[in-house]
Amino acid sequence: AEAGAPIVPTLYAEGVTQDHLEAAFTDFGAEALIVKPAVSGGAYRTTRLRRGEVLTDTPQGTAMIQPYLKGLETEGELSLLFFGGRFSHAIRKVPAAGDFRSQPDFGGQVTAVMPPDAAMAVAQQVLSIIGEDLLYARIDLVPGPDGAPVLIEAELIEPDFYLGFDPEGGAGFARAVRARLMV
């Protein structure tokens with residue numbers, strides 16, 4: 001965010017309390033929040049809270065508190081995959097009706113898509129800010145309050161590449177690995 005990337009607004013809290021949540025509702029002007037561990041995967045211990053609800057599954061350690069973005073329900077999460085700095089493919093994960101988690105474990109549907117120009121521009125901006133020669137990256141975007149794509153996560157360690165949705169079947173990743181080994 002400090003370098004200019006559009007991100008989901010986030011508050012970090014150690015041992016989330018009701019005071020943290022009330023402050024987040026006020027600061028974000030939100031009717032619902034997402035609370036999740038700062039280190040997690042697959043929506044583990046991720047909770048959606050509406051104003052007036054009490055958090056019952058408090059994440060251990062540092063937690064992230066974010067406004068719930070309604071566009072997740074309809075647009076889902078867009079993941080752009082890059083191998084060796086080159087765009088490979090993209091997928092969209094849309095939650096099951098009534099849920100907010102886009103993972104297939106929770107009924108989310110995954111489809112191959114061609115990312116819109118605005119999403120590609122944000123992904124390229126994020127990669128530029130990272131400024132490293134990455135073997136791979138998965139840039140996960142969601143629609144912000146105004147519908148424009150915002151970064152929810154830059155997956156740089158052990159991401160799912162969704163190679164089953166890659167038109168080249170992983171050949172781009174293989175080329176990127178081969179190029180690294182040849183250096």
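**Close-up views of salt bridges and positive phi angles**

E31 is exposed, its relative accessible area being 57% (buried means under 20% relative accessible area, exposed over 50%, and partly exposed in between, with a 1.4 Å probe and protein chains only). The model is predicted: local features need pLDDT of at least 70 and side-chain atom pairs count only at pLDDT 80 or more, whereas totals for chains, interfaces and linings use all residues. Residues are numbered from 1 along each chain as its sequence is written, and side-chain values use heavy atoms, with hydrogens and water left out.

**View A. Salt bridge between R51 and E31.** The side chains of R51 and E31 form a salt bridge with an N to O distance of 3.8 Å (a side-chain nitrogen of Lys or Arg within 4 Å of a carboxyl oxygen of Asp or Glu). R51 belongs to the loop between β3 (47–50) and β4 (62–67) and E31 to the loop between α1 (18–28) and β2 (32–37), so the pair ties together parts that are 20 residues apart in sequence. Helices (H or I, at least four residues) and strands (E, at least two) are DSSP runs, numbered from the N terminus. R51 is partly exposed, at a relative accessible area of 38%. By the salt-bridge rule, the count comes to 10.

**View B. Salt bridge between D140 and R138.** The closest N and O atoms of D140 and R138 are 2.9 Å apart. Both partners are buried: D140 has a relative accessible area of 0%, and R138 has a relative accessibility of 6%.

**View C. Network of R48, K70 and E73.** Salt bridges with shared partners link R48, K70 and E73 into one network. Within this group, the side chains of K70 and E73 meet at 3.2 Å, N to O. K70 is exposed, with a relative accessibility of 58%, whereas E73 is partly exposed, at 29% relative accessible area.

**View D. Positive phi at A43.** Although A43 is not a glycine, its phi is positive, at about 65°. A43 lies in the loop between β2 and β3. With a relative accessibility of 13%, A43 is buried.

**View E. Positive phi at Y162.** Y162, a residue other than glycine, has a positive phi near 50°. Y162 is placed in the loop between β9 (149–155) and α4 (171–182). The relative accessibility of Y162 is 12%, and the residue counts as buried.
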